[in-house]
Amino acid sequence: MKVIITAVGKDRIGIVAAISNALAEVGANIEDLTSSRLRDEFVMLIVCETGKDKSFNELKRAVVAAGRKIGMKVVVQREEIFKAMHRI
Amino acid sequence: MFREKRYLKLCIAFEVNSLKFASEEILETFKMLYVEKLEIRAVTLGINLFDCVGSDASKTAANVKKKIVEVAMNFTETIDSVSDEFGVSVTNKRIAVTPISFLLARFPTVENAVEIGFALDDSAREVGVDMIGGFTALVEKGMTKSDIALMDAIPATLGQTSRVCSSVNVASTKAGINVDAVNVMARRIKETAEKTRKHKGVGCAKLVVFCNAPSDNPFMAGAFHGVEEGETTVNVGISGPSAIRAAVERCDGNIDELSDCIKRAAFKITRVGELIGKEVAKRMGVKFGIVDTSIAPTTAKGDSIADVVEKMGIERCGIPGTTAAVAMLIDCIKKGGMMACTRIGGLSGTFIPVSEDAGMNRRVREGVMNLQKLEALTSVCSVGLDMICLPGDTDEWTIAGIIVDEAAIGIVNDKTTAVRIIPVPGKKAGQTVDFGGLFGRGTIMEVPKWKPARFLKRGGQISRTIRSAKN
């Protein structure tokens, strides 16, 4: 299952590392990653594939918890919602 | 031939590529969902209960409860997991059932109707939904014994249950207006207010009198599972006004550009509704019904139709210009919605439940918005006089007059109109009443002291209009 992760919050060292580590631990493969900084705010968008035998819930729990530790709001959504909203 | 194959490859490559999203698109979704609070207002499970009729009312009530609990056992959990995966919150989970008057045909008494009402209440509690609709009769042309029993049982049922919602269709474009039924319902509204006097007459907030009631409406209190519907259906009501308000706020252009902004936002919102509805239906193994594109406010700050209208450029909702703004608003929402989803249904109009819409209630308190202007809005797109608080001593003929006027607008304009009014016991015009929770806070509106009693006491049927004879 393809999921899209949006992480927003104050910029600091280790955000990409923390989120991608959490993803690696649940066996998710990052397919695309983009990030941007506006003053001291940081936004990161990740497209990834959930790991084999790993559920959406496991991935979501891991990434949201990792985000919380570094003060980031992390939203994990299945890709279909973006397709529904932005593609005719 | 070579060229065609190459083009085909390019098309496939493009299709694969188009699955990827631009950062702006992902962030727009994030903004709509988590900043502008786009949500799905209602996911409603429609259940056919015809097969529950037993040899007596008790057996029927037991069958009703058994079937609802069986079908809807995993309903709220399914919605929660879909909501979690797509990151979209669903505000209300509801159930709509076959109009109960049909189930009473073999034992049409008030006691039996109340007993089935209790069964609905118990089942809703057991499966964890806060409202269940379908304590309903369709009497636009005439009333059967079971219709009368059901209508007479409404005050006692709404007075003794907490989750049951009731609706009665008293008029339709094809049948005209059943004035006798209008008069009965005016009395039942008064009685329901009395039966729920301790709770400020809130029973009336769960009672809708309709003209042209849709059979696939996912919104309470008027939802029921129409006789022409299938066995089980999932219908969805989309978001409130906050996401639309944000789109309007962003647009400084002329009215054409404003229309485009609203249509684009409505498209996206409707798509989210369709996605959630289809996924819930798929997981429950039932049919997906419709998306209702109605714009429906809540008591939350900024989630108000009045706020949207004022952001469009009307200084105060209720002044001249309001009717055109509201008409244009819902027309654009429908157009965006229809482009997004083939199955548009339900009411798909503007909801103005006054006590639930903080902005609208503010304008009523200031005297800018009143009963007459709200009625004018129903002639273009509003679906009725909704959550209107009246003085407790409002005469039943005045209530019947309000219903019959709304029904007239409905039959002439071939649209749904509804009346959900609360004559709040002990309250006078200008006072306020706080129902708490979903039903909000209302200002008691003034009604004229003169009555339409002589006209309505004549009884009978206001026949269909000549425009409705289209064959």
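Leu104(B) sits in the loop between helix 5 (100-103) and helix 6 (110-127) of chain B. The model described here is predicted. Within it, Leu104(B) has 27 other C-beta atoms within 10 Å. The cut-off for a buried residue is 20 or more, so Leu104(B) is buried. Residues up to four places away in sequence aside, Leu104(B) touches Asn112(B), Ala113(B), Ser146(B), Ala149(B) and Leu150(B). Gly367(B) lies 263 residues from Leu104(B) along the chain. The C-alpha atoms of these two residues are separated by 45 Å.

The nonpolar core was examined next. In general, nonpolar side chains of soluble globular proteins tend to be buried together. The largest nonpolar core of this model has 179 residues. Six of its members touch the most other members: Val170(B), Val182(B), Met185(B), Ile262(B), Ile276(B) and Ile403(B). Helix 10 of chain B, residues 255-284, gives the most to this core. Its contribution is 12 residues. Met185(B) touches Met151(B), Val168(B), Val170(B), Val209(B) and Ile403(B), again leaving out residues up to four places away in sequence. Two of these partners, Val170(B) and Ile403(B), are also named among the core residues that touch the most other members.

Helix 10 of chain B also meets helix 4 of chain B, which spans residues 75-86. The two axes come within 10 Å and cross at roughly 135 degrees. Angles over 145 degrees count as roughly antiparallel, and 65 to 115 as roughly perpendicular. The two helices are therefore oblique to each other. Their crossing is right-handed. On the side of helix 4 of chain B, the contact is made by Phe75(B), Thr78(B), Ile79(B), Val82(B) and Phe86(B). Helix 10 of chain B brings Leu275(B), Ile276(B), Glu279(B), Val280(B), Arg283(B) and Met284(B). By class, the residues of this contact are eight nonpolar, one polar and two charged.

Backbone geometry was considered last. Most residues other than glycine have a negative phi, and most peptide bonds are trans. Arg39(A) is not a glycine, yet has a positive phi of about 50 degrees. Arg39(A) lies in the loop between strand 2 and strand 3 (41-49) of chain A. With 7 other C-beta atoms within 10 Å, Arg39(A) is exposed. Lys37(B), likewise not a glycine, has a positive phi of about 60 degrees. The loop between helix 2 (23-35) and strand 1 (40-47) of chain B holds Lys37(B). Lys37(B) has 18 C-beta neighbours inside 10 Å and counts as partly exposed. A cis peptide bond joins Met220(B) and Ala221(B), with omega at about 15 degrees. Ala221(B) is found in the loop between strand 6 (207-211) and strand 7 (232-237) of chain B.

Notes:
Residues numbered from 1 in each chain as written. Chains lettered and ligands numbered in written order. Predicted model: local features only at pLDDT ≥ 70, side-chain atom pairs only at ≥ 80, totals over all residues. Core = buried A, V, L, I, M, F, W, Y, C linked by C-beta atoms within 7 Å. Buried ≥ 20, exposed ≤ 12 C-beta atoms within 10 Å, placed from the backbone. Helix = DSSP H or I, 4+ residues; strand = E, 2+ residues; numbered from the N terminus. Contact = placed C-beta atoms within 7 Å. Axes fitted to C-alpha atoms, helices over the stretch in contact; angles between N-to-C directions. Parallel < 35°, antiparallel > 145°, perpendicular 65-115°, else oblique. Left-handed = near helix turned anticlockwise from the far one by under 90°. Nonpolar A, V, L, I, M, F, W, Y, C, P; charged D, E, K, R; others polar.
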